[in-house]
Amino acid sequence: MELSFSDLRTKEVVNTQDGRKLGKVCDVALCYPENRWLGIVVPGGKGWIGKKSAVFIDLKSIVKIGEDVILVNVGLPCERKKGKRGCPPPPMPPSPPAPYPPYPPQRNSAGQGGERNFDDFE
């Protein structure tokens, strides 16, 4: 499958992790001496003072290039907006381990577990 940059920049980029549309391809990153394609650049996240910043998507993160859409698997930071549910709640921290008993169990004169019998008191 051959793609020109003009074909590539008409495709919408969608993140498969959260289903969010990241925008259309605005640039392609190439490595010149080796002639390798490194990835694509999309206007994904918020930058400085509300301006959009570009997000680089590595070639390994591209799942599928279709006729209309490019599917990517990228873990982007979540954006919280007033009145909208943008991010899932943060994961709960692990519960602390059970505390150890304050004292070792008492043993009877026969050296057995913590139960006492009547002979221990005489």
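Predicted model: local features only at pLDDT ≥ 70, side-chain atom pairs only at ≥ 80, totals over all residues.

Colleague: Where does Asn-15 lie?

Modeller: Asn-15 belongs to strand S1, residues 12-15. Residues are numbered from 1 along each chain as its sequence is written, and side-chain values use heavy atoms, with hydrogens and water left out.

Colleague: Is Asn-15 buried or exposed?

Modeller: Buried means under 20% relative accessible area, exposed over 50%, and partly exposed in between, with a 1.4 Å probe and protein chains only. Asn-15 has a relative accessible area of 1%, so Asn-15 is buried. The side chain of Asn-15 reaches the backbone nitrogen of Gln-17 at 3.3 Å. That is a polar contact: N or O atoms within 3.5 Å, one able to donate a hydrogen and the other to accept it, where residues adjacent in sequence count only if both atoms are side-chain atoms.

Colleague: Where is Thr-16 placed, and which residues does Thr-16 contact beyond its neighbours within four places in sequence?

Modeller: Thr-16 lies in the loop between S1 and strand S2 (21-24). Its relative accessibility is 39%, so Thr-16 counts as partly exposed. Contact means heavy atoms within 4.5 Å. Leaving aside neighbours within four places, Thr-16 contacts Leu-71, Val-72 and Asn-73. Thr-16 and Asn-73 are 57 residues apart in sequence, yet their C-alpha atoms are 5.3 Å apart in space.

Colleague: How many salt bridges are counted?

Modeller: Side chains of opposite charge can pair when their charged atoms come close. The rule asks for a side-chain nitrogen of Lys or Arg within 4 Å of a carboxyl oxygen of Asp or Glu. By this rule the count is 1 salt bridge. Asp-18 pairs with Arg-20, and the closest N and O atoms are 3.3 Å apart. Asp-18 is partly exposed because its relative accessible area is 45%. Arg-20, at 23%, is therefore partly exposed too.

Colleague: Which residues make up the largest nonpolar core?

Modeller: A nonpolar core is a set of buried Ala, Val, Leu, Ile, Met, Phe, Trp, Tyr and Cys residues joined through side-chain atoms within 4.5 Å. The largest one here has 12 residues: Leu-8, Val-13, Leu-22, Val-25, Ile-40, Val-42, Val-55, Ile-57, Ile-62, Ile-70, Val-72 and Val-74. Strand S4 (36-46), strand S5 (52-58) and strand S7 (69-72) each supply at least two residues of this core.

Colleague: Where is Leu-8 found, and what does Leu-8 touch, not counting residues up to four places away in sequence?

Modeller: Leu-8 is found in helix H1, residues 5-8. With a relative accessible area of 6%, Leu-8 is therefore buried. Beyond residues up to four places away, Leu-8 touches Leu-3, Val-25, Val-28, Trp-37, Ile-40 and Ile-70. Ile-70 in turn, leaving aside neighbours within four places, contacts residues including Val-13, Val-25, Ile-40 and Ile-62.

Colleague: Which residues make the nonpolar surface patch?

Modeller: Such patches take residues with over 30% relative accessible area and no salt bridge; like charges are joined within 9 Å, and nonpolar side chains (Val, Leu, Ile, Met, Phe, Trp, Tyr) within 5 Å. Leu-30, Trp-37 and Leu-59 make a nonpolar patch of about 290 Å². Areas come from the Shrake-Rupley method with a 1.4 Å probe; for residues, only the protein chains shown count as cover. Leu-59 lies in the loop between S5 and strand S6 (62-65). Its relative accessible area is 36%, so Leu-59 is partly exposed.

Colleague: What is the phi angle of Asn-35?

Modeller: Phi of Asn-35 is near 55°, a positive value in a residue other than glycine. Asn-35 is in the loop between strand S3 (27-31) and S4. Because its relative accessibility is 65%, Asn-35 counts as exposed.

Colleague: How many helices and strands does the protein chain have?

Modeller: The protein chain has 1 helix and 7 strands, in the order α-β-β-β-β-β-β-β along the sequence. Of its 122 residues, 20% count as buried. The chain exposes about 10,300 Å², of which carbon and sulfur atoms supply 56%.

Methods. Helix = DSSP H or I, 4+ residues; strand = E, 2+ residues; numbered from the N terminus.
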